[in-house]
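Here's a quick briefing to read alongside the structure. Have the viewer open and follow along.

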Amino acid sequence: MTLLSIEGLGICFGGIKAVHDVSFAASPGEVVSVIGPNGAGKTTLFNMISGVYRPGSGRVVLNGEDVTAMSPHLLARRGMCRTFQNLQVFQTMTVLENVIAGFHLQESGDVLSDLLNLPAARRRAKDAEAGARELLRRLGLERAAEREAGSLSYGSLKRLEIARAMALKPKVLLLDEPAAGCNAVETEEIDHLIAEIAASGVAVLLVEHDMKLVMRISSHIVVLDHGEKVAEGDPATVSRNPAVIAAYLGADDAAR
Amino acid sequence: MSELLQFLLSGVTVGAVYALVALGFTMIYNASDVVNFAQGEFVMLGGMITVFAHAAGAPLPLAALTAVVATAALGVAMNKLAIEPARGAPVVSLVIITIGASIFIRGAAQLIFGKQIHRFPAFSGEDPIRILGATILPQSLWVIGGAVVIFVGLWLFFTRTLLGRAVLATSNNRLAAQLVGINTPFVMTLSFAMSAGIGALAGVLVTPITLTAYDVGLAFALKGFAAAMLGGMGNPKGALAGGLIVGVLEAMTAGYLSSQYKDAAAFIIIFAVLFFRPQGLFGRQSTDRV
């Protein structure tokens, strides 16, 4: 069953085709990785899928609904969430508050009961906090819960962003370089985490430079070069594909 | 002693108005990084529309409500017609757009309301109340009380309600706010409506004391801007403290030096803040992650 399908997406920046005619699909429980050399258009592709850029051509279909160029807040409500390579967290809020913000989407608070601090409002706040603490525990951030997000290390901020995205209970999760800037142990933790998220029935889209991570956890790999899809398939097929080796892995990796 | 108290009382009264104007600056700044120089015109419109609604036969409370709602609607219109179409433009361009909007509103007000000075009666009479040898107008108590109600109300709104927190989240990081499902264009519209409404309310409260004319907005904008800068642009607590300090300093200058120098107080504050503490009293030093 296809949950997300990308149909011929393309965009030009001032005459340069940053991404051209890229199609692929993702089903629940799958980890689909988008790989390619620097400047291949991976993040641009993510930005089009997640509504940050308006695609020049093509469609994004989520759960049978055309969501092309829909703004990120509407996509979030339809179950598509993402993280950013350059981190988008609420810097001056605490770690806990960042994750609680993710829970608010499921709340149906009304202004009056919130203002009067009625039991219903207090219960909602308590549920959100408990859920947020549970997510922080899963991501190994529970001891940083009360710290200001801006004071966290880069690797911890990456995990915080994932925690916040998971608070939204996504159906499709786009992760832009979740392991960048993480050490070997942290990378392995993220590896387990992604597998766990996928196992819970979420379709995970991944842009990642750590090839070992990609090969280990992906069920499907899409290879971009100069904005075009040059290959796709399971990890074994892709890593044997001569076009991929030439474009991406390079002579050194091919010899290894 | 009673002289000092007298200056203090009039300073706090006018300071409460500046605090409300500064609060308007703060709300729009938080939602959009724009310093809205049309903020003073909202104060003028609040007073002006009340005058004319009252003259047309509406009872004072209804006239005041009309003024606040109409001005809030104008704030929304300004966002939709002037700011939103220019989205993506540099902040400086947006600030210049707000200056243009303020000139436009002032010009239109001159055509519609005329150049005369207008007033309407104070809410609870004009008999001064004596406190320890100083006097205070009942209307001043309305001004101070109104400011307190607005500040407490907003504090509850921002700390307790989902919508209030959505506004805070948007000011913290707009893209991150969108990612957690917050409708940021709506937050922008709401911020303009609220800050225009608050400006208008300040105008309604203060007009029986200061009277109003089509061109009073500029002075309110400058003093409110000084107050917001002093407190730290974007910080509601700073807006309150900044407003009161500017108001009291102005009253002291007028009382002990000369009333001709009273407007200079605000400008000296702007200079001093820019020289010594650009982030303001409550502002944070901005740092970038490398």
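What follows is a short tour of the two chains and the place where they touch.

This is a predicted model, so to speak with care: local features need pLDDT of at least 70, side-chain atom pairs count only at pLDDT 80 or more, and totals for chains, interfaces and linings use all residues. Residues are numbered from 1 along each chain as its sequence is written, while chains are lettered from A and ligands numbered from 1 in the order in which they are written. Helices (H or I, at least four residues) and strands (E, at least two) are DSSP runs, numbered from the N terminus.

**Where the chains meet**

- On the chain A side, 25 residues are in contact with 17 residues of chain B; contact here means that C-beta atoms, placed from the backbone, lie within 7 Å.
- Helix H2 (72-77), strand E6 (80-82), helix H3 (95-103) and helix H4 (111-115) of chain A each put at least two residues into the side that touches chain B.
- H2(A) gives the most to that side, with four residues.
- By type, the chain A side splits into eleven nonpolar, nine polar and five charged residues. Ala, Val, Leu, Ile, Met, Phe, Trp, Tyr, Cys and Pro count as nonpolar, Asp, Glu, Lys and Arg as charged, and the others, Gly among them, as polar.

**The chain A sheet**

- Chain A has an open sheet of six strands in the order E6-E7-E8-E3-E9-E10, with mixed pairing; strands pair if DSSP finds at least two bridges between them.
- E6 and strand E10 (228-233) of chain A stand at the edges with a single partner strand each, so one side of each has no neighbour in the sheet.
- E6(A) runs parallel to strand E7 (residues 172-176) of chain A, and three bridges join them. Arg82(A) sits opposite Leu174(A) in E7(A).
- Helix H1 (residues 42-49) of chain A lies across strand E3 (31-35), E6, E7, strand E8 (203-207) and strand E9 (220-225) of chain A, at about 150° to E7(A). Axes are lines fitted to C-alpha atoms, for helices over the stretch in contact, and angles run from 0 to 180 degrees between N-to-C directions.

**The chain A hairpin**

- Strands E1 (residues 4-13) and E2 (residues 16-26) of chain A run antiparallel, joined by seven bridges.
- Two residues separate E1(A) and E2(A) in this hairpin, and Gly14(A) in the turn has a positive phi of about 55°.
- Leu4(A) has Ala26(A) in E2(A) as its bridge partner.

**A buried helix in chain A**

- Nine of the nine residues of H3(A) are buried, so the helix is largely enclosed by the rest of the structure. Buried means 20 or more other C-beta atoms within 10 Å of a residue's own, exposed means 12 or fewer, and partly exposed is in between, with C-beta atoms placed from the backbone.
- The buried residues of H3(A) pack against helix H5 (119-138) and helix H6 (154-167) of chain A, together with helix H6 (162-172) of chain B.

**Chain B**

- Chain B has eleven helices and two strands.
- Of its 290 residues, 51% count as buried.
- Twelve of the 15 residues of H9(B) are buried, so that helix is largely enclosed by the rest of the structure.
- Gly232(B) follows H9(B) and has a positive phi, near 110°.

Terms used: Contact = placed C-beta atoms within 7 Å.
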